[in-house]
Amino acid sequence: MPGVSNAADPEVLIVGAGPVGLAAAIELGHRGVRCLVVERNDRVGYAPRAKTTNVRTREHLRRWGIADALRRASPIHPDRPSTIIFATRMDGPELARFEDALNGTRARTNLYAEEAQWVPQYVLEEVLRAHATSLPGVEVRFREELVSLGESDEAVACVIRDLASGATRHVRSAYVIGADGSRSAVRGAIGARMTGAGALAANINVIFRAPGLAARGRHGPGIMYWMVNADVPSVLGPLDEAGLWSFIATRLPDGHDPAAIDPVELIRRGTGLPDLAVEILRTDPWVAQELIADRYATRRVFLAGDAAHLHPPFGGFGMNMGIGDGVDLGWKIAATLRGWGGPALLASYEAERRPVHQRTIAESVVNYGLVGNHLVQPGLEEDGPLGEATRREVGAIIRMTKVREFMTLGLVLGTHYGNSPLVVPDGSPAPAESATVYVPSARPGCRAPHLWLADGTSLFDHFGPGFTLLVTEGAAAAAGPFAAAAAARDLPLTVLAPGDPRLRPRYEAALCLIRPDGHVAWRGMSAEGAGAILDRARGGTPPAAGGKLPAGKATT
Ligand SMILES: Cc1cc2nc3c(=O)[nH]c(=O)nc-3n(C[C@H](O)[C@H](O)[C@H](O)COP(=O)(O)OP(=O)(O)OC[C@H]3O[C@@H](n4cnc5c(N)ncnc54)[C@H](O)[C@@H]3O)c2cc1C
């Protein structure tokens, strides 16, 4: 292993056991990489923030074998309608509604293998933690924090403090992942800086118990209720089925005094229920930011999740995108450590992820540019024809503009690595960019199109842990040159020939090389040039004549 000689040392040190650090640990642990996660808190799940676990994250959970575990763990019924309602108040007139918002309805579609899930972040974190620690080689240590790190050509040496005793110790690893959130110490240690517009506006998140609230509302079950009124423009969402709620008051006035905010009063005014019995459990003021790190990595240290990018949570992208970072880093670091990843593989992390981050940040800023504060109009809550006309007009604006925040498949599944140095372009045009509409495409760089097979399994269930060569027509023997080239490079390759005639038109090629993260690396009609294709996809160079290639060893 590059630079790490002591078997007690982790191969990878991960700083932060938030959703991103845990996702990276799982991806590495599944690939047999020894990793240590240090977390300064005494447990996971302090963040009552995210609720949207999107379809792409849930596809990763399925690959890891824990999608059902998350469904079972959720305090929110999986069949709760995935409906988002806009109204003036909980007991006021409705303005607009979105059904199957965020693709959270349990129904089979060939577009994806898993629907999204409305589930508190703390529940997801606990499911991730339990799975990570069940993997041999993954250790999660609480009440330990990173103090400093120093990088040499061979390894990264970190100082870790045990917060219970105050004692420090040295940990040496081949790589470090900084998944330590918005105030990342790892970011500072590698000299990276956040750049961008910075603070956009202040907001407050309140977690409260109000068992009587659902019955007082007149809008039926849903996952989000947007209160569009001049008093307290706000967003409510259930955290369980028994009266636990999250409430976000958006875009608080400049110069407000957070200490002067009475959360009970805020909730009563926002919902329009002045006598609602409310028990406040937690208040969490936060500032919507638009920031991205100016660099993501050195040779051995990588930033992931909020440590690398921050944006308003409207659209539910931050955690999900960070989990995508963990997946990307996980397979690339594992491949490099095991020797089949080439010297260009790790550098592709920033090249591939930065455009995804930039597009998603831009989208969430657009969403945050039109929240309840902007939708309020004079007369919105008036009785009579004028009020009704105003509500109709505002409803039409909401349906037209907010659709891109709740129908996000174009962004969530349409994200592609078309310009990646690891991808072999085939000359076909890039798919049209849309936040809402996802058109499946097997163009190199895109997420491989999904299909439910005749036996009821997902096509994705058959992809291998390494690369997969999907044979959509003809015999699996056509893949022979790929199998031979993979063996020469010690590269794990699964040949998959499901014999389903729907795959050929869906993939528009007879052969398709799919990466460990489910993105297409190459597609074509014959296996000619298999070695060169694999070398490009693994960020490597051809093996020396007569032998296997030291691709990953270039990093030692
Ligand atoms: C109101 C709100 C709603 C949101 N809703 C959504 C949503 O629906 N969907 C979505 O995808 N995203 C959402 N987000 C964003 C999401 O919460 C974050 O993007 C996500 O938590 C980032 O995960 P992370 O693991 O990168 O960082 P964090 O969750 O911040 O975890 C970092 C961890 O690192 C630890 N740490 C920090 N420094 C050190 C150190 N030196 N040593 C050891 N440990 C350290 C911290 O204790 C922490 O546990 C929302 C955010 C807000 C504010």
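Me: How many Å separate an oxygen atom of the ligand from an N or O atom in the side chain of Asp306?

Reply: A polar contact is a pair of N or O atoms within 3.5 Å; within protein, one must be able to donate a hydrogen and the other to accept it, and residues adjacent in sequence count only if both atoms are side-chain atoms. For Asp306, the distance from its side-chain N or O atom to the ligand oxygen is 2.8 Å. This is a predicted model, where local features need pLDDT of at least 70, side-chain atom pairs count only at pLDDT 80 or more, and totals for chains, interfaces and linings use all residues. Residues are numbered from 1 along each chain as its sequence is written, and side-chain values use heavy atoms, with hydrogens and water left out.

Me: Which backbone atoms lie 3.0 Å from the ligand?

Reply: A polar backbone atom of Thr52 is 3.0 Å from an oxygen atom of the ligand. A polar backbone atom of Leu146 is 3.0 Å from a nitrogen atom of the ligand. Taken alone, the ligand exposes 1000 Å², and the protein buries 89% of that (accessible areas come from the Shrake-Rupley method with a 1.4 Å probe; for residues, only the protein chains shown count as cover).

Me: Which residues come nearest the ligand?

Reply: A residue is near a molecule if one of its heavy atoms lies within 4 Å of it. Here 31 residues are around the ligand, and Glu39, Gln121, Asp306, Met319 and Asn320 come nearest. Helices (H or I, at least four residues) and strands (E, at least two) are DSSP runs, numbered from the N terminus. Helix 1, strand 2 (35-39), strand 8 (144-151) and helix 8 (318-338) each supply at least two residues of the shell.

Me: How is the shell around the ligand divided by class?

Reply: Ala, Val, Leu, Ile, Met, Phe, Trp, Tyr, Cys and Pro count as nonpolar, Asp, Glu, Lys and Arg as charged, and the others, Gly among them, as polar. The shell has 12 nonpolar, 11 polar and eight charged residues.

Me: How many cavities of 30 Å³ or more does the structure hold?

Reply: Rolling a probe the size of a water molecule over the atoms shows where empty space is left. On a 1 Å grid over the protein atoms alone, a cavity is a set of points where a 1.4 Å probe fits but cannot get out, and a pocket is an open set with protein on both sides within 12 Å along at least five of seven lines; lining residues have an atom within 4 Å of a point. Grid points are joined across faces, edges and corners, and a volume is the space filled by probe spheres set on the points. The structure holds two such cavities. The largest has about 310 Å³ of space, and among its 21 lining residues Arg56, Arg353, Val356, Val412 and Thr415 are the closest to its centre. Helix 8 gives the most to this lining, with five residues.

Me: What is the volume of the second largest pocket?

Reply: The volume is about 370 Å³. Of the 22 residues lining this pocket, Arg63, Phe460, Phe463, Gly464 and Pro516 lie nearest its centre. Helix 2 gives the largest share of the lining, six residues.

Me: Which residue forms a salt bridge with Asp275?

Reply: A salt bridge is a side-chain nitrogen of Lys or Arg within 4 Å of a carboxyl oxygen of Asp or Glu. Asp275 pairs with Arg216, and the closest N and O atoms are 2.8 Å apart. The two residues are 59 residues apart in the chain.
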